[in-house]
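Please report on how the two chains of this model meet, and on the features inside each chain that deserve a look.

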Amino acid sequence: MVILREGICPGVNEEFIKALQSEDIKTVEDFVSCNPEELAQKCSLSYKALVAVRRVLLAQYTAFPVSGADLYEELLSSTAILSTGNPSLDKLLDSGLYTGEITELAGSPGSGKTQVCFSVAVNISHQLKQTVFYIDTKGGMCANRLLQMLQSKTPNMEEQMEALQKIKVLRVFDVFSLLACLQNLRSNGLQKASVGGGSVKALMVDSVSAVLSSMLGGKQNEGMSLLMQVAGELKMIAKDFNIAVLVTNHVTKDGNGHLKAGLGQSWSHGPRTRVLLQRIEGAGTSSLRTATLTKSSRQITGFEERNDLIMDK
Amino acid sequence: MHRTVPSLPLAPSVKVKLINAGFQVASDLIDMRPLQLCKEVGISQQEAVEVLQMLRDDGQPHQQRAATESLTALDLLHQEQALGSIVTFCSALDDALGGGLPVGKTTEICGAPGVGKTQLCMQLAVDVQIPVCFGGLGGKALYIDTEGSFLVQRVADMAEAAVQHCTLLAEDTEQRQALEELTVEKILSNIFLVRCHDYVELLAEVYLLPDFLSEHPEVRLVVIDSIAFPFRHDFEDLSQRTRLLNGLAQQLIQLATQHSVAVVLTNQMTTRVSNGQSKLVPALGESWGHAATQRLILHWEGLRRLASLYKSPSQMEATIQYQITVQGFRDAPDEPRPTPATSAVSSPSGNHSKHPRMEDRS
């Protein structure tokens, strides 16, 4: 809903707006849905002027349909698949993280979500030499660990430092700061980062549930709205800038006692692909984990892969 | 200003009215006067002033910087190296933790009664004050006690042991000078103690912490012993408890990052029955497990005390043995089976044990 203000298009001045407001027409939608003939009679404004303004506003604010073939062409040319650096995880994700989509990792504490995010970030910044944005909401970002992972990939110090410089970390701890951060990235942050050479190819949010779970439930009525806003912002960033978005989520138990990803049904429509990470029971303090594909538009779900998350040691 | 109105931190009722009046983006609002806003939207004068104030604060360089400034991982690496960590005087544990308890992160210590959580917390409150020239942080500590288990006499014993340890290590003049100032009285005076009796007091205290930490920038450690106790008694609404705890966790990690302090939380254990078997798991629920950055679980194995690093972003999982002595939290001796003589615990102020000691049995 866009408010009618003077200067919104030629011909709309203050008396025009006042005349419309007396008929309770405040936004572009109200204006465009009214019949110009009736309006001309009620507001004593010229019919020609009303029709002219109407045409300009319609042209400015309508959405344009795109043909399926064009969409397909665009998809082929702009989508990239980013490898996670872990071959069995790649197999699960149908060769890796797709740009333009949100991928979600869910798991109980200590299941390895942050480690997978680190390994993806290191892979993208070192192997693919692209910039990565990492939004940390839990304090889990540990640059030392990133350095450790880089050191196992290459002994060259300069390469390590270069890769570290391509990972940009933002630390926000509540949902409003997260929204501010995402909106800022969308409006100018991402463009600024790509100007400096090396385009941004991935955005990670670890974790999305830490900031949202305290706002949901009980007598609070804002939680769902904020959750959908976060999902919307992430999707828009993924689509508009051709970025792969990776988010982490906590787990809850469903009716049968099985683990499922948190944040509920509404959030589940945000990510295109969802993976559940679990420790292997009875394995003591081993580093093996299972990754199960729980939602995918490309593969059969229920795929399970066992992998050792400390492969790069 | 690219903020959309629904994403602003305002009361939901005010936001609904703003959206109904047609304001979509923060930049629509920025040029309005309070009276104008009041009339157009239908909110009270007070609310209009608050809305405009919030927008103006948001536009401040300081606030904008917080949300928009990104550090590269390289800068973060330098920062982490500068922050350091707090030693526990148990070298096996320090190695497992990568040097000690990290500053700028939250660590949760879970354990059954009597295994040594409060002892470790008191040890950390002393260790954070070790002067910089000895490799410590030279900072102060804030101890929030919810159980009433803080014993000054015990801390005094630990402080004395720490001073003696440093005296043995002192080599050059700088260290000897620092040692002159390091007395038991000084160590005790640098621990700020707060006693909270229920969860409301605890929440209020955490709410006031940012101001406290800004006034006392030398504080490097905040201990909450324990965070489970006020939340496990008389709490009918479990989902409200989960929400409160999640909010608390976020506030604490924000404090830890912004003021460069190490936050240590103690948690209790509860029994989980599954498939006819019972297991000891950390209390406060499944989702609380995500709250702390690192999780250390202290447990018994026969007569040995073990510490397991269960969750950490940078260290491998490990289990090490430790013991509690007169001097405090220390390494376990290198013997295959600890005999009663070496694992003795005695404190001049009496036996405060929760677990039967060898002397009691023999």
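The report below covers the basis, the interface, the domains and some local geometry.

## Basis

This is a predicted model, in which local features need pLDDT of at least 70, side-chain atom pairs count only at pLDDT 80 or more, and totals for chains, interfaces and linings use all residues. Residues are numbered from 1 along each chain as its sequence is written, chains are lettered from A and ligands numbered from 1 in the order in which they are written, and side-chain values use heavy atoms, with hydrogens and water left out.

## Interface between chain A and chain B

Chain A brings 62 residues to the contact and chain B brings 51 residues. Contact here means heavy atoms within 4.5 Å. The buried area is about 4,800 Å², and carbon and sulfur atoms give 56% of it. Buried area is the accessible area (1.4 Å probe) that two parts lose on being put together, summed over both. On the chain A side, A:Pro109, A:Arg171 and A:Phe173 lose the most area to chain B. Together they account for 14% of what that side buries.

Polar contacts across the interface come to 22 residue pairs, both residues at pLDDT 80 or more. Such a contact is a pair of N or O atoms within 3.5 Å; within protein, one must be able to donate a hydrogen and the other to accept it, and residues adjacent in sequence count only if both atoms are side-chain atoms. Several elements of chain A each supply at least two residues to the side that touches chain B, including α7 (113-127), β5 (167-171) and α12 (223-241). Helices (H or I, at least four residues) and strands (E, at least two) are DSSP runs, numbered from the N terminus. The most comes from α10(A), with nine residues. By class, this side of chain A has 26 nonpolar, 25 polar and 11 charged residues. Ala, Val, Leu, Ile, Met, Phe, Trp, Tyr, Cys and Pro count as nonpolar, Asp, Glu, Lys and Arg as charged, and the others, Gly among them, as polar.

A strand pairing also crosses between the chains. Two bridges join β5(A) to β1 (residues 71-72) of chain B, and the strands run antiparallel. Strands pair if DSSP finds at least two bridges between them. A:Val169 stands opposite B:Leu71 in β1(B).

## Salt bridges

Side chains of opposite charge can pair when their charged atoms come close. The whole structure has nine salt bridges over all chains. The criterion is a side-chain nitrogen of Lys or Arg within 4 Å of a carboxyl oxygen of Asp or Glu. Two salt bridges lie between chain A and chain B. One salt bridge joins A:Arg279 to B:Glu317 (3.0 Å, N to O).

Within chain A, A:Arg274 meets A:Glu104 in a salt bridge (2.9 Å, N to O). This pair links distant parts of the chain: A:Arg274 is in β10 (residues 273-279), A:Glu104 is in β3 (residues 102-107), and they are 170 residues apart.

## Domains

Chain A is assigned domain 1 (14-61) and domain 2 (74-307). Their C-alpha centres are 47 Å apart. Chain B is assigned domain 1 (5-58) and domain 2 (73-331). Here 43 Å separate the C-alpha centres. Bounds come from an automatic or database domain assignment.

## Backbone geometry

Most residues other than glycine have a negative phi, and most peptide bonds are trans. The bond from A:Asp206 to A:Ser207 is cis, with omega near -10°. A:Ser207 sits in the loop between β6 (200-206) and α11 of chain A. In chain B, the bond from B:Asp225 to B:Ser226 is cis, with omega near -10°. B:Ser226 lies in the loop between β7 (219-225) and α13 (229-232).

A:Asp94 has a positive phi, near 60°. A:Asp94 is in the loop between α6 (87-92) and β2 (97-98) of chain A.
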